[in-house]
Protein chains: 2
Amino acid sequence: VGSVWGIVVAAGAGSRFGGAKQFAPLGTGRVVDWAVVATAGACDGVVLVLPPDVPWDGVPVAAVVAGGATRAESVRAGLAAVPAEAVIIVVHDAARPLAPPGLFQAVVEAVAAGADGALPAIPVTDTLKRTEGDRVLATVPRAGLVAAQTPQAFRADVLRRAHAGVVDATDDAALVEAVGGSVVVVPGAQANMKLTTGSDLAMAAALLEWAAKS
Amino acid sequence: VGSVWGIVVAAGAGSRFGGAKQFAPLGTGRVVDWAVVATAGACDGVVLVLPPDVPWDGVPVAAVVAGGATRAESVRAGLAAVPAEAVIIVVHDAARPLAPPGLFQAVVEAVAAGADGALPAIPVTDTLKRTEGDRVLATVPRAGLVAAQTPQAFRADVLRRAHAGVVDATDDAALVEAVGGSVVVVPGAQANMKLTTGSDLAMAAALLEWAAKS
């Protein structure tokens, strides 16, 4: 496979969450600790992107860098600290503390097998509507529609090229798609939820307990 | 407003869930009990749609009917038991046990104010991809995209007309949209989650506890 490096994006301010959710306690650690440990298990080195001026006192990582104003800027800050010898780069959101180890392996393997990028995704189970103001314009056909998760793995050169622009996007795969890269999906995990609201944290804690009992 | 009736759809087999999730215990009752009580609080009468041959031993309802092979068939079975004097009909999925009372009021009021239909919706926070097999074709623009929930309220005559066809859909609003009805959205609730997998039940229980503490 070659050298695999990870970038954990933990620079968000968590405006919907009402605080920096990535530092909230979860089980025996903090949210961000779970994300870093999971990423480290699959990578030769981890670059952690934190909000500016936040010190790091968790498990050792190869580098800690300050994030930017947007998600893409934060990833770019992380990319700058990933050594040139990295062949595959895995980007993971700290807001997804419960990503199982198998997900990291699956996306890395998909890239090693030839894709430019790979991401875990789960089927969309909600009915989606396109709206304008409070009016429903249409129901969005759900066939082939999936919800993307992280970790997302990429060929390092393709990810760097995708980030050379100045655009923002809600995930890195969208940037790689925009430069014509081939991206594949692997089966995601329902438990790999993104913490967005305060109640999500309670749900994540319940999932941890549920998983321990199952 | 006139007579408001509710239909609680609890006829699903729960194949993803690994059992009939609507009868799973949740807090002090079963999932379906929460949904029926919430609906009853906002309606003059409730029609409960159950799987065939499942007896009902919960709180009193106006009628219990057997569901069909699809969601839409189950709603139609419920519609047949709603009295002709009903002016507004509220359809609610038993798989959403934690719908707050305010949601029922909000959708009923939106229909009373002139819409043919109203549904609660929350912003889509996931990045959505259109796929073919395991290949990502595109990232779906998220602007204006919302995830629909139940309860959904409708002018009774419009809902009956929408269901006169033989089509299926993932929600009733889609049928009303298909016959040209005007549908509006009201702010949904994050806690109004749909129970799909076994771990969702653990999360719903955690939400109940979290809400009690908040």
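**View 1. Chain B meets chain A in this predicted model.** In this predicted model, 46 residues of chain B are in contact with 46 residues of chain A. Together the two chains bury about 3800 Å². Carbon and sulfur atoms account for 58% of that area. On the chain B side, the most area is lost by Lys129(B), Arg130(B) and Met203(B). These residues together make up 14% of what that side buries.

**View 2. Salt bridges and polar contacts link chain B and chain A.** Six salt bridges are counted between chain B and chain A. One of the residues to look for is Lys129(A), which forms a salt bridge with Asp171(B). Their closest N and O atoms are 3.0 Å apart.

**View 3. Strands and helices of chain B touch chain A.** Several elements each give two or more residues to this side of chain B. The strands are β8 (127–132), β9 (135–139), β10 (145–148) and β12 (183–187). The helices are α5 (172–178) and α6 (198–213). With seven residues, α6(B) gives the most. Sorted by class, the side of chain B that touches chain A has 23 nonpolar, twelve polar and eleven charged residues.

**View 4. A strand of chain A pairs with a strand of chain B.** Strand β10 of chain A covers residues 145–148. Four bridges join this strand to β8(B). The two strands run antiparallel. Find Val146(A) in the view: its bridge partner in β8(B) is Lys129(B). Lys129(B) is also among the residues of chain B that lose the most area to chain A.

Terms used. Residues are numbered from 1 along each chain as its sequence is written. Chains are lettered from A and ligands numbered from 1 in the order in which they are written. This is a predicted model: local features need pLDDT of at least 70, side-chain atom pairs count only at pLDDT 80 or more; totals for chains, interfaces and linings use all residues. Side-chain values use heavy atoms; hydrogens and water are left out. Contact means heavy atoms within 4.5 Å. Buried area is the accessible area (1.4 Å probe) that two parts lose on being put together, summed over both. A salt bridge is a side-chain nitrogen of Lys or Arg within 4 Å of a carboxyl oxygen of Asp or Glu. A polar contact is a pair of N or O atoms within 3.5 Å; within protein, one must be able to donate a hydrogen and the other to accept it, and residues adjacent in sequence count only if both atoms are side-chain atoms. Ala, Val, Leu, Ile, Met, Phe, Trp, Tyr, Cys and Pro count as nonpolar, Asp, Glu, Lys and Arg as charged, and the others, Gly among them, as polar. Two strands pair if DSSP finds at least two bridges between them.
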